[in-house]
Amino acid sequence: MAVHPQLPNAITIARILCAPIFLWMLLADAGADGGLRWAAAVLFIVAIATDGVDGYIARRYDIVSDLGKLLDPIADKVLTGVAFVGLSLLGELPWWVTIVVLVREIGITVYRFIVVSDHVLAAAWMGKLKTVFQSIALSIALLPLASLSDAAAWQSAVWWASVVTMTIAVVLTIASGIDYLVTEVRASRKRRRR
């Protein structure tokens, strides 16, 4: 079966374009636990899941491109960054968490553009793991699961699931940022020795 070589990149761009729609849906009714909140959460989950789809298609049909390597992590950062900001605007996530995440994400993205003429800084395994945990944590935070039951045990379980996954996501965000820096410094030293 022939696959258009730009299909993975088109999926990646669609993920970026979903971000403003998702944010509008999240904030439109001030984050109330109604239909728009559920729709925003589902849109986020579907959009972030396409990260695996575009990567699979690119590898499966051997159409991996430098543009895709550059755009794919940026698309993830745009979507997750908008989700972090949206949750902080609603008062559901402390701003310090969002700021820590955005500083790391923007810093790595700016660095990607600085070095793009020299080499493409592709996502590393820890960066991918960070994205997975951010996606899980944000999905739990976005879905109004607590509204499904008034039971104290249910409310507590949802709260703890959110706190634990968000904590892991923040730790991985910081650790993966440090990992990128260390890896790039080592690579830069090797290039200078040649």
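How are helices α4 and α6 oriented to each other? In this predicted model, the axes of α4 (residues 95–115) and α6 (residues 152–193) cross at roughly 25 degrees. Angles under 35 degrees count as roughly parallel. The two helices, α4 and α6, are therefore roughly parallel to each other. Their axes come within 10 Å. The crossing of α4 past α6 is left-handed.

On the α4 side, the residues are V97, V100, V101, R104, I108, Y111 and R112. On the α6 side, they are M166, V170, T173, I174, S176, G177, Y180 and E184. Sorted by class, the contact of α4 with α6 holds 9 nonpolar residues, 3 polar ones and 3 charged ones.

Helix α5 spans residues 125–142, and its axis comes within 11 Å of the axis of α3. The axes of α3 and α5 cross at roughly 35 degrees. This crossing of α3 and α5 is left-handed. From α3, the contact draws on D76, K77, T80, A83, F84 and L87. From α5, K130, T131, Q134, L138, A141 and L142 take part. The contact of α3 with α5 divides into 6 nonpolar, 3 polar and 3 charged residues.

Helix α3 itself covers residues 66–89, a run of 24 residues. From first C-alpha to last, α3 reaches 35 Å. That span is close to the 34 Å expected at 1.5 Å a residue. Helix α3 is mostly covered, with 18 of its 24 residues buried. Just after α3 comes G91, which takes a positive phi of about 75 degrees.

Helix α2 (35–60) has 26 residues. Its first and last C-alpha atoms lie 37 Å apart, close to the expected 38 Å at 1.5 Å a residue. Several residues of α2 are buried, including R37, A40, A41, F44, A47 and I48. Further along α2, D54, G55, I57 and A58 are buried too. What covers the buried residues of α2? The cover includes α1, α3 and α5.

Helix α1 runs over residues 7–28 and contains N9. Is N9 buried or exposed? The relative accessibility of N9 is 5%. Buried means under 20%, so N9 counts as buried. Leaving out residues up to four places away in sequence, N9 touches S65, L67 and G68.

Two loop residues other than glycine have a positive phi. One is A30, in the loop between α1 and α2. Phi of A30 is about 60 degrees, although A30 is not a glycine. The relative accessible area of A30 is 62%. Exposed means over 50%, so A30 is exposed. The other is D62, in the loop between α2 and α3. Phi of D62 is near 50 degrees, again in a residue other than glycine. At 68% relative accessibility, D62 counts as exposed.

Definitions and conventions:
Residues numbered from 1 in each chain as written. Predicted model: local features only at pLDDT ≥ 70, side-chain atom pairs only at ≥ 80, totals over all residues. Heavy atoms only, no water. Axes fitted to C-alpha atoms, helices over the stretch in contact; angles between N-to-C directions. Helix = DSSP H or I, 4+ residues; strand = E, 2+ residues; numbered from the N terminus. Parallel < 35°, antiparallel > 145°, perpendicular 65-115°, else oblique. Left-handed = near helix turned anticlockwise from the far one by under 90°. Contact = heavy atoms within 4.5 Å. Nonpolar A, V, L, I, M, F, W, Y, C, P; charged D, E, K, R; others polar. Expected span 1.5 Å × (residues − 1). Buried < 20%, exposed > 50% of the residue type's maximum accessible area, 1.4 Å probe, protein only.
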